[in-house]
Structures are given as structure tokens and as C-alpha cells.
Amino acid sequence: MRSDAPALTEKLATMQPAQVPFTHWMLESVLEPDACDALLEWEPGDEARAGDVGGRRETRNKFRVFVDPATRAQDARLDRMAHLLDSEAARKVFKDVCGAELEDSALRLELCLDTDGFWLEPHTDIGAKRLTLLISLSTNDKEHAWGTDLMSPDGKSVTRASGAFNSGVLFIPSDKTWHGFVKRPIEGTRRTLIVNFVDPAWRAVHELAFGPRVPVASA
């Protein structure tokens, strides 16, 4: 029988986080092979590819793509991936191991296709985001150089996540979780899945995998 939680939760339960420059978990083999295949096959069009975004993804909001209800309905592999990440079993591990407060939060899954010229300024993800998991899905032989930079507040790259295929870095946003992408050559496409859980203040509900989280009524 297939598990009702993603394999990454088993890894998290046995891992000690790294602490420099802030608490984070470096993961391997994050997604199921079927989900990886679906995300590699997904070609949302040239407009979804982004070079220089001025350091901020929101400069191209109208071209961003998400695993929303319509996308889930078109691909059972992405639907399963979303259900696994949003499962109560996964939420429990994210809370118990990572300290994420996800009771009223909703799952948001964004596919990013970055090209040469891309960079991201240092930022923390504080605010409506309760959990951030960045999964590398590039297949170029330069992929190992394309991981997310974990930074000091002044924008210095202190350590770099692995850009290896299906690796990831997870952290709970705080005023210390400075990260970004130092500009460097990208040959082809840097493909990333951004996994967030966001609180009820998130207004772009069309981006959510299942819509806003509905509170469970007490018995």
C-alpha cells in the first residue's frame, strides 16, 4: 500500500538540522519519481521562463505558474504530489520536527523556470509564509551550481543548497532566514518547485493547490 505521507517526512524525522546561517534541513530524493516526471514534462510556455527579474519574482506575477486545482485535475501525478504534501501526516511531521505552525495554513506550489540573467535579492519569506521548501529539478550538467544561497543579512552567501536533481532545502521563515540567488551563469533552464504553506492572510488564493484551508470544526 502506498503511503499517505511523502517520503521526505521520514527523512526529516531522523535528521538534525544545520544551524548556519539559520536553522534549515538539506534533503535528497524529496519527491516521488512520478511527480518529478510530471514536473519535468510540464511546459507552461516561454512566457513562464524568467531571466533578469530585478531580484524579485513578483515583477512577473502574471506569468507565474502554480499547481492549482485545474493543473491537479489534468495530471494525476501532480494531484498525488499535492495531496501527499498537504496530508495530515506530513503536516504533523512539519510541526513536530520543524516547528511549523500549519493549522490554518494552505499549500502553495509554484513551478519556476529561470534562465540566464536570473537573480534574487536577499529576502526572508516572513509574513504570510509558514514553511518554505525549495526543490531543485534541473537536469543540466551544471545543476549543482544552481542551488539557493542561504545568506547573511547583508546579502553574503554563507552556504549554498545543493542544486542536484530532486534535492531540497527546507526552513521555517523568520527574521533570520535570509536567502536568495546570487547572479551566476545559467545554461538552459533552472527548474525549481517552491513549496510554501501560507496563512489565511494570503490573498492570491488562485495560487493555492486546494484553496484556503478550511478549519476543522470541533466535535
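Tutor: Let us begin with the largest cavity, which has a volume of about 110 Å³. Please keep in mind that this is a predicted model.

Student: How many cavities of 30 Å³ or more does a search of the whole structure find?

Tutor: The search finds one.

Student: Which residues lie nearest the centre of the largest cavity?

Tutor: Those are A48, R57, R60, R64 and E110, from a lining of 13 residues.

Student: And which element gives the largest share of that lining?

Tutor: Strand β4, spanning residues 106-114, contributes five residues, the largest share.

Student: What is the lining like by class?

Tutor: Eight lining residues are nonpolar and five are charged, with no polar residues.

Student: Turning to the helices, at what angle do α1 and α5 cross?

Tutor: The axes of α1 (residues 7-14) and α5 (residues 88-98) cross at roughly 20° and come within 10 Å. Because of that angle, α1 counts as roughly parallel to α5.

Student: Is the crossing of α1 and α5 left-handed or right-handed?

Tutor: The crossing of these two helices is left-handed.

Student: Which residues meet there?

Tutor: From α1, the contact involves L8, T9, L12 and A13; from α5, the partners are A90, V93, F94, V97 and C98.

Student: How does the contact of α1 with α5 divide by class?

Tutor: Eight residues in the contact between α1 and α5 are nonpolar and one is polar, while no charged residues take part.

Technical notes:
Residues are numbered from 1 along each chain as its sequence is written. This is a predicted model: local features need pLDDT of at least 70, side-chain atom pairs count only at pLDDT 80 or more; totals for chains, interfaces and linings use all residues. Side-chain values use heavy atoms; hydrogens and water are left out. Axes are lines fitted to C-alpha atoms, for helices over the stretch in contact, and angles run from 0 to 180 degrees between N-to-C directions. Helices (H or I, at least four residues) and strands (E, at least two) are DSSP runs, numbered from the N terminus. Angles under 35 degrees count as roughly parallel, over 145 as roughly antiparallel, 65 to 115 as roughly perpendicular and the rest as oblique. A crossing is left-handed if the near helix is turned anticlockwise from the far one by less than a right angle, and right-handed if clockwise. Contact means heavy atoms within 4.5 Å. Ala, Val, Leu, Ile, Met, Phe, Trp, Tyr, Cys and Pro count as nonpolar, Asp, Glu, Lys and Arg as charged, and the others, Gly among them, as polar. On a 1 Å grid over the protein atoms alone, a cavity is a set of points where a 1.4 Å probe fits but cannot get out, and a pocket is an open set with protein on both sides within 12 Å along at least five of seven lines; lining residues have an atom within 4 Å of a point. Grid points are joined across faces, edges and corners, and a volume is the space filled by probe spheres set on the points.
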